[in-house]
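Here's a quick briefing for anyone opening this structure for the first time.

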Amino acid sequence: MSEKKMMHVLPLEAYTSQAWFDREQEMIFSKTWAYAGFAEDISEPGQYISVQAGLNNIFIVMGRDRRLRAFHNICRHRGTQLIRAVGKAQKALTCPYHDWTYDLEGNLISVPEEQSEFKDLDKSCLGLKKASVDMWRGMLFVHPNPDAGSIMEWFGEVEPHLGPHNIEELVEYPDARVEYEIKANWKIVVENYIDVYHLAHLHSGTLAMYDHAKAEYGFFGPHYAFWEPLSEDYAKDIEKNAPTPLVLPLDQLGASVPMLFPGIGLAESESNWATFIITPLGPQLSRVENRVRLKNASEWEFQKQQWRSASFWSKSIKGKYSPEAAEHDDDPMASGDFTAEDIYACEQQQKSLKSPYFEVGASAQNGESPVRQHQQVVLDFVEGRYL
Amino acid sequence: MSDFHRLKVQDTKSLIGGMAKSVMFEVSTELTETFLWKAGQHLTLRFELNGEEQRRSYSISSSPFSGDPLRITVKRVKDGLVSNHINDNVKAGDIIEVMPPFGGFYLEPGETKRRTHYFFGAGSGITPLFSMLDSVMCAEPYSVAYLAYGNKNHKSIIFKDEFDALCDANKDRLAVLHVISDSSLWSGFTPWRKGIIDKAAIEALINENPPYAQDAQYYICGPGGMNTAVKTALMSFDVPADRIHMESYGGMVEVDDSVKGRAAKVEIALQGQTHLINMAADQTVLQAARAAGLSPPFSCQSGVCGACRGKLNKGTVHMRASMALEDKEIQQGAILTCQSVATSDSLSISYG
């Protein structure tokens with residue numbers, strides 16, 4: 001018998017098997033604060049959104065006191081999902097199956113044919129099951145447990161190591177909102193995001209505006225924080241070189257690229273603030289959603305900045321492979337797009353996991369230490385040591 | 001708990017042109033534990049004035065987390081015996097008899113708690129709210145607070161300077177919004193709104209400052225009518241009742257003297273024994289019981305603390321004040337014996 005194959009700390013099957021996927025859904029994604037959107041996604045009373053958080057489908061609705069409430073999206077009658085993804089209710093939420101109706105506090109207020117069909121129904125015991133909701137760094141978070149406690153017990157330790165951005169003053173740039181699938185396990189995607197070693201290599205032509213040698217990084221609880229300064233070349237004329245108007249003061253420039261647990265990546269740079277939310281869809285398939293916030297400035301200001309910086313970017317960005325070496329027009333390795341490069345690397349790695357000859361080699365002592373640490377965090381969660 | 005302790009006045013400070021006074025107490029090491037307080041609680045003081053014992057409860061106006069001394073702030077009440085005595089006579093070095101901190105209207109801050117606190121205060125109702133708000137700033141770093149503060153005019157704003165300083169030190173998480181009711185023009189002071197803290201003001205406050213931290217809590221402390229009005233307004237915006245906390249301000253409970261008592265025979269069940277006593281028309285149940293030589297529990301004698309609470313089993317009473325009781329408790333027969341005069345010929349009351 002051969003020994004169980006490992007990916008350093010986790011076994012190989014953690015990246016390929018349905019059993020591991022199910023266990024992570026239960027032990028990680030159904031028991032932690034889950035990203036649910038941007039704060040402005042719910043902006044007026046009655047508006048709601050729902051989010052799948054592991055095994056739980058939770059919806060958030062705003063009351064007339066402008067406070068958010070979160071409930072499990074399950075009708076208390078026979079369990080039908082109560083509301084759809086997004087929408088606006090006036091004062092009540094009605095299940096489409098038998099029209100059981102709840103108010104915005106989750107109380108069951110009406111049951112059709114109650115007198116003839118449900119003689120002694122105690123409606124007060126059939127309110128929607130509550131969940132927790134909070135807002136943090138301009139984002140919405142939900143937790144399946146109504147007594148989850150303060151979100152700062154979860155994020156408080158890492159917060160001081162995140163970017164100094166005034167996120168509430170930035171505005172979303174809707175055109176940059178994208179969602180795509182990566183044919184890789186969610187941990188492959190996370191490990192790529194937190195791999196410091198690859199920055200200077202895979203992204204040699206796309207992320208050279210940052211000084212990777214000066215990166216500072218580490219784990220705070222289950223969360224990973226990372227910061228690096230701008231490269232000298234980029235920084236020396238930053239007001240001209242930034243692709244969009246700066247969102248940080250000149251004495252605080254740099255990029256913070258944390259990966260909050262589980263799979264909540266942020267990219268907080270000198271010129272924008274973005275999310276990189278990884279959702280596991282299957283053992284070998286993940287979804288990523290990116291949304292971007294920029295400075296609240298006029299279109300004209302953005303246009304001027306783009307013109308100003310064009311010459312810097314045209315000479316600074318190049319693909320990993322030269323155009324001549326491209327396999328086809330859309331070859332990510334010749335694209336000059338660091339996200340395309342990352343997706344390519346993740347999918348190629350996932351493919352290899354199936355090979356009988358696959359085995360991992362050495363792991364970089366410093367630059368890949370976050371990869372090993374993240375695996376340890378996952379292991380601690382699925383083995384019930386964390387919560 | 002109902003023991004009085006002799007505390008030395010460390011210092012006093014006159015406020016709003018001599019219309020109010022802060023009294024700071026020295027608490028000796030052996031009493032530190034006894035006098036630990038929660039932000040929002042009150043102290044009961046005992047004075048001997050004109051040969052009679054007088055007790056009054058005043059909210060503590062300093063935060064237990066700021067390092068400031070134990071402090072009450074007393075506004076003069078027209079013809080108020082004790083409030084004017086404190087304002088006229090109490091000075092550093094005096095010894096005052098004080099009962100340990102008490103009361104169920106309080107805010108306990110937490111290092112990792114993350115809340116949006118909305119405070120609604122008016123006049124001297126600000127005293128417990130100042131303690132609460134300062135405590136949030138000192139000991140609940142992830143939370144934000146908003147205060148709507150009603151006053152007659154800019155000269156009657158207690159703690160104006162303290163609030164300005166707190167706001168300066170906590171720009172990102174504290175806003176104090178002044179509401180001024182005088183219709184005349186003011187010089188150099190622009191309030192957030194004119195008028196009173198009514199439904200429109202509350203709606204404006206919440207719409208302009210919606211909760212960021214979603215654990216929102218609401219605290220109200222103002223003169224009689226204001227508390228109910230603010231609570232009703234909040235509930236009309238679907239604020240759940242369990243998030244609303246309120247108290248009439250210490251020592252300034254609305255007193256309803258409109259009903260005259262009558263002489264009655266009272267059966268009192270106390271500590272396992274039943275006593276039959278007579279009660280005069282001008283006596284409260286507590287006064288009658290004490291006059292008959294019984295030792296029922298009591299403390300503030302102003303309807304605030306709830307220590308003298310009893311249960312009315314038979315007969316009817318009028319309560320001059322009932323701040324310490326919830327409406328539901330009153331329906332179930334709870335009375336404050338220090339505030340109850342008889343309105344029927346015979347009563348049956350049990351303690352504890």
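What follows is a short tour, grouped by topic.

This is a predicted model, in which local features need pLDDT of at least 70, side-chain atom pairs count only at pLDDT 80 or more, and totals for chains, interfaces and linings use all residues. Residues are numbered from 1 along each chain as its sequence is written, while chains are lettered from A and ligands numbered from 1 in the order in which they are written.

**Domains and the chain contact**

- Chain A splits into domain 1 (34-149) and domain 2 (154-382), with bounds that come from an automatic or database domain assignment.
- The centres of domain 1 and domain 2 of chain A, taken over C-alpha atoms, are 35 Å apart.
- Where these two meet, 6 residues of domain 1 of chain A are in contact with 7 residues of domain 2 of chain A; "in contact" says that the C-beta atoms, placed from the backbone, lie within 7 Å.
- Between the chains, 16 residues of chain A are in contact with 16 residues of chain B.
- Strand 11 (130-136) and helix 3 (152-155) of chain A each supply at least two residues of the side of chain A that touches chain B, and strand 11 of chain A gives the most, with 3 residues. Helices (H or I, at least four residues) and strands (E, at least two) are DSSP runs, numbered from the N terminus.
- By class, the side of chain A that touches chain B has 6 nonpolar, 3 polar and 7 charged residues.

**Strands in chain B**

- An open sheet in chain B has 5 strands in the order 14-13-19-15-17, with mixed pairing; two strands pair if DSSP finds at least two bridges between them.
- Strand 14 (273-279) and strand 17 (334-336) of chain B each have a single partner strand, so each of these edge strands has one side without a neighbour in the sheet.
- From one strand to the next, the twist averages 35°. For such angles, axes are lines fitted to C-alpha atoms, for helices over the stretch in contact, and angles run from 0 to 180 degrees between N-to-C directions.
- Strand 15 (residues 309-314) of chain B pairs with strand 17 of chain B in the antiparallel sense over 3 bridges, and Lys311(B) stands opposite Ala334(B) in strand 17 of chain B.
- Elsewhere, 6 bridges join strand 2 (residues 20-26) of chain B to strand 5 of chain B in an antiparallel arrangement, with Lys21(B) and Val74(B) as bridge partners.
- Why is strand 5 (residues 70-75) of chain B largely enclosed by the rest of the structure? Because 6 of its 6 residues are buried. A residue is buried if 20 or more other C-beta atoms lie within 10 Å of its own, exposed if 12 or fewer, and partly exposed in between, with C-beta atoms placed from the backbone.
- Leu70(B), Ile72(B) and Val74(B) are buried on one side of strand 5 of chain B, and Arg71(B), Thr73(B) and Lys75(B) on the other.

**Cores**

- The largest nonpolar core has 89 residues; such a core is a set of buried Ala, Val, Leu, Ile, Met, Phe, Trp, Tyr and Cys residues joined through C-beta atoms within 7 Å.
- Helix 3 (residues 126-139) of chain B gives this core its largest share, 7 residues.
- Leu147(B) is one of the residues with the most contacts inside that core. Not counting residues up to four places away in sequence, Leu147(B) touches residues including Phe119(B), Leu129(B) and Leu133(B).
- Apart from that core lies another, of 85 residues, among them Val61(A) and Ile343(A).

- Most residues other than glycine have a negative phi, and most peptide bonds are trans.
- Phe261(A) and Pro262(A) are joined by a cis peptide bond, with omega about -5°.
- Asn50(B) has a positive phi of about 50° although it is not a glycine, and is exposed, with 8 other C-beta atoms within 10 Å.
- Asp238(B), also not a glycine, has a positive phi of about 70° and is partly exposed, with 17 other C-beta atoms within 10 Å.

Notes
Ala, Val, Leu, Ile, Met, Phe, Trp, Tyr, Cys and Pro count as nonpolar, Asp, Glu, Lys and Arg as charged, and the others, Gly among them, as polar.
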